[in-house]
Amino acid sequence: MSQHPSLRVGGKIRKIRNVMKRYERIDVLRAEGRIPEDKYLGLPKTKPTEI
C-alpha cells in the first residue's frame, strides 16, 4: 500500500507550529532563564519557534 503524498514528511518546507511539546517549552524556558531547574508545573506561555 502506498502512502498519500500529503502525509509524506519532506525537508523542503519548514513551518512554524502553533503548539510546542512540553519538553520543548521546558528547554526554551530554561535557555532563557525564565524557570529554575527543578520547576515542572505551572509553566508560563511561550511563543512557537520555527523548526
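Reply: A salt bridge here is a side-chain nitrogen of Lys or Arg within 4 Å of a carboxyl oxygen of Asp or Glu. Please keep in mind that this is a predicted model.

Me: Which residue meets E37 in a salt bridge?

Reply: The cut-off between nitrogen and carboxyl oxygen is 4 Å, and the N to O distance for this pair of side chains is 3.8 Å.

Me: How many salt bridges does the rule give, and what is the distance between the closest N and O atoms of R34 and E32?

Reply: By this rule the count comes to 2 salt bridges. R34, which is partly exposed with a relative accessible area of 44%, forms a salt bridge with E32. The closest N and O atoms of R34 and E32 are apart by 3.3 Å.

Me: Is I26 buried or exposed?

Reply: I26 is found in helix α1, and the chain has 1 helix and 0 strands. Buried means under 20% relative accessible area, and the relative accessibility of I26 is 9%. I26 therefore counts as buried.

Me: Which residues of helix α1 are buried, and which residue follows the helix?

Reply: Helix α1 covers residues 22–32, and its buried residues are E24, I26 and L29. For the chain as a whole, 12% of the 51 residues count as buried. The helix is followed by a residue whose phi is positive, near 75°, namely G33.

Me: Which residues does I26 touch, leaving aside residues up to four places away in sequence, and what separates the C-alpha atoms of I26 and L43?

Reply: With residues up to four places away left out, I26 touches I35, Y40 and L43. I26 and L43 are 17 residues apart along the chain, and their C-alpha atoms are separated by 7.8 Å.

How values were computed:
Residues are numbered from 1 along each chain as its sequence is written. This is a predicted model: local features need pLDDT of at least 70, side-chain atom pairs count only at pLDDT 80 or more; totals for chains, interfaces and linings use all residues. Side-chain values use heavy atoms; hydrogens and water are left out. Helices (H or I, at least four residues) and strands (E, at least two) are DSSP runs, numbered from the N terminus. Buried means under 20% relative accessible area, exposed over 50%, partly exposed in between (1.4 Å probe, protein chains only). Contact means heavy atoms within 4.5 Å.
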